[in-house]
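Reader: Show me the model, please. Then take me through its features, one term at a time.

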Amino acid sequence: LKAWNGKKAKHIEPVAGRSTRIWAYGPVRTIVDMSVVGWQYEGALLDMTCRYTLYAGHRDCEVEVRSEERRVGKE
């Protein structure tokens, strides 16, 4: 799991936590969520989940990205 800043891939660190969850694993498709919480990036805390869906007989992968930003410091 990496981020893209418009120029190059970026390591997702530091983070408060990481997790992976397999939703489906079978002959038709595989669905996996990879998540990070509390990623400290440019003055914000980000929570991000990438869902990867792979279908049997295909080499391509469907990717969905969800993120939420929380500002750090006084509001």
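**Starting from one residue**

Author: Glu62 is partly exposed, because its relative accessible area is 40%. The cut-offs are under 20% for buried, over 50% for exposed, and partly exposed in between, with a 1.4 Å probe and protein chains only.

Reader: What should I know about the source?

Author: This is a predicted model, in which local features need pLDDT of at least 70 and side-chain atom pairs count only at pLDDT 80 or more, while totals for chains, interfaces and linings use all residues. Residues are numbered from 1 along each chain as its sequence is written, and side-chain values use heavy atoms, with hydrogens and water left out.

Reader: Where is the place of Glu62, and which residues does Glu62 touch?

Author: Glu62 is in strand 6, residues 62-71. Strands are DSSP runs of E, at least two residues, and helices are runs of H or I, at least four; both are numbered from the N terminus. Not counting residues up to four places away in sequence, Glu62 touches Arg51, Tyr52, Thr53 and Tyr55. A contact means heavy atoms within 4.5 Å. From Glu62 to Arg51 the C-alpha distance is 8.0 Å, at eleven residues apart in sequence.

Reader: How many helices and strands does the protein chain have?

Author: Zero helices and six strands. The pattern along the sequence is β-β-β-β-β-β. The radius of gyration is 15 Å, well over the 11 Å that the globule rule gives for 75 residues, so the protein chain is more spread out than a compact globule. That radius is taken over C-alpha atoms, and the rule is 2.2 Å times the number of residues to the power 0.38. Along the principal axes, the C-alpha atoms fill a box of roughly 50 × 25 × 15 Å.

Reader: How do burial and surface come out for the protein chain?

Author: Of the 75 residues, 23% are buried. Among contacts between residues at least 6 apart in sequence, 30% join residues at least 24 apart.

Reader: Which residues form the largest nonpolar core?

Author: A core is a set of buried Ala, Val, Leu, Ile, Met, Phe, Trp, Tyr and Cys residues joined through side-chain atoms within 4.5 Å. Here the largest has eight: Ala3, Ile12, Val36, Trp39, Ala44, Leu46, Met48 and Cys50. Strand 4 (29-41) and strand 5 (44-55) are the elements that give two or more residues to this core. Strand 5 gives the most, four residues.

Reader: With which residues is Trp39 in contact?

Author: Leave aside neighbours within four places in sequence. Trp39 then contacts Ala3, His11, Ile12, Glu13, Pro14, Val15, Ala44, Leu45, Leu46 and Met48.

Reader: Is Gly38 buried or exposed?

Author: Gly38 is buried, at 7% relative accessibility. Its place is in strand 4. Beyond neighbours within four places in sequence, Gly38 contacts Pro14, Val15, Ala16, Leu45, Leu46, Asp47 and Arg70.

Reader: What joins Glu13 and Pro14?

Author: A cis peptide bond, with omega about -5°. Pro14 lies in the loop between strand 2 (9-11) and strand 3 (17-25). Pro14 is partly exposed, at 44% relative accessibility. Leaving aside neighbours within four places in sequence, Pro14 contacts Gly38, Trp39 and Gln40. Pro14 and Gly26 are twelve residues apart in sequence, yet 34 Å apart in space, C-alpha to C-alpha.

Reader: What is phi of Glu42 near?

Author: Near 50°, a positive value in a residue other than glycine. Glu42 is in the loop between strand 4 and strand 5. At 65% relative accessibility, Glu42 counts as exposed.

Reader: And Leu54?

Author: Leu54 is in strand 5. Its relative accessible area of 38% makes Leu54 partly exposed. Neighbours within four places in sequence aside, Leu54 contacts Val28, Arg29, Thr30 and Cys61.

Reader: What sits over the ring of Trp23?

Author: The charged end of Arg21, 3.8 Å from the ring centre. The test asks for NZ of Lys or CZ of Arg within 6 Å of the ring centre and within 35 degrees of the ring normal.
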